[in-house]
Structure formats: C-alpha cells, structure tokens
Amino acid sequence: MPGHEPTRDEYLSAAREMADAGRTTLARLLAEEAADRATDPSDAARILAEFPGLSLRAED
C-alpha cells in the first residue's frame, strides 16, 4: 500500500520468514529495523538476540 510504513511487528514477521528460509543476513537486517521501532529497550534487545550476528548496516 503506497505510503504505508511497516510496523515493528511486520518487520519482525518478515525477519522470521527470512530466517526460516535460510536467509540469515536479510533476517538480521529486518530484525534491526524491527528493533529500531521498538519503544522498550529490553524489547529491542530481545529482538536482536533472536537474530544473532553483526550489523551489516552502512553507517554514514
């Protein structure tokens, strides 16, 4: 849907789908997006712990 910003739960669901499909790098990136949208720091930490690995985000 145009203009729709994915929610934390949508990113998390997509991350789980990618993990199940063996696409762990994409799963981690989606999990990082989900964690960014979490309002509780402990929730963000839990999300990232579910998808271990180093961040592959490009930093400016």
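**Note on salt bridges and helix packing**

1. Arg46 and Asp43 are joined by a salt bridge, with their closest N and O atoms 2.7 Å apart; the term stands for a side-chain nitrogen of Lys or Arg within 4 Å of a carboxyl oxygen of Asp or Glu. The model is a predicted one, in which local features need pLDDT of at least 70 and side-chain atom pairs count only at pLDDT 80 or more, while totals for chains, interfaces and linings use all residues. Residues are numbered from 1 along each chain as its sequence is written, and side-chain values use heavy atoms, with hydrogens and water left out.

2. Both partners, Arg46 and Asp43, sit in helix α3, three residues apart, or about one turn of the helix. Helices are DSSP runs of H or I with at least four residues, numbered from the N terminus. Arg46 counts as partly exposed because its relative accessibility is 40%, whereas Asp43 counts as buried at 17%. Buried here means under 20% relative accessible area, exposed over 50%, and partly exposed in between (1.4 Å probe, protein chains only). Salt bridges that share partners link Arg8, Asp9, Arg16, Asp43, Arg46 and Glu50 into one network.

3. What else does Asp43 contact, leaving aside its neighbours within four places in sequence? The residues are Arg8 and Ala38, where contact means heavy atoms within 4.5 Å. The side chain of Asp43 also makes a polar contact of 2.7 Å with the side chain of Arg46. A polar contact is a pair of N or O atoms within 3.5 Å; within protein, one must be able to donate a hydrogen and the other to accept it, and residues adjacent in sequence count only if both atoms are side-chain atoms.

4. Arg8 and Asp9 form a further salt bridge through their side chains, at 2.6 Å from N to O. Arg8 is classed as partly exposed because its relative accessibility is 23%. Asp9 is partly exposed as well, with a relative accessible area of 48%. The count of salt bridges in the model comes to eight.

5. The side chains of Glu32 and Ser55 are joined by a polar contact of 3.2 Å. With residues up to four places away in sequence not counted, Glu32 touches Leu48, Leu54, Ser55, Leu56 and Arg57.

6. The packing of α2 on α3 is the next item. The axes of helix α2 (residues 24-37) and helix α3 (residues 41-50) come within 9 Å and cross at roughly 175°. Axes are lines fitted to C-alpha atoms, for helices over the stretch in contact, and angles run from 0 to 180 degrees between N-to-C directions. The two helices are therefore roughly antiparallel to each other, the class for angles over 145 degrees.

7. Which residues make the contact between α2 and α3? On the α2 side they are Arg28, Ala31, Glu32, Ala34 and Ala35, and on the α3 side Ala44, Ile47 and Leu48. By class, the residues of this contact divide into six nonpolar, no polar and two charged. Ala, Val, Leu, Ile, Met, Phe, Trp, Tyr, Cys and Pro count as nonpolar, Asp, Glu, Lys and Arg as charged, and the others, Gly among them, as polar.

8. Glu33, also in helix α2, is partly exposed, with a relative accessible area of 26%. Its contacts, not counting residues up to four places away in sequence, are with Tyr11 and Arg57. From Glu33 to Leu48 the C-alpha to C-alpha distance is 9.8 Å, for a separation of 15 residues in sequence.

9. Thr7 lies in the segment before α1 (8-20). Thr7 counts as partly exposed because its relative accessibility is 37%. Thr7 and Glu33 are 26 residues apart in sequence, with their C-alpha atoms 9.3 Å apart in space.

How values were computed: Angles under 35 degrees count as roughly parallel, over 145 as roughly antiparallel, 65 to 115 as roughly perpendicular and the rest as oblique.
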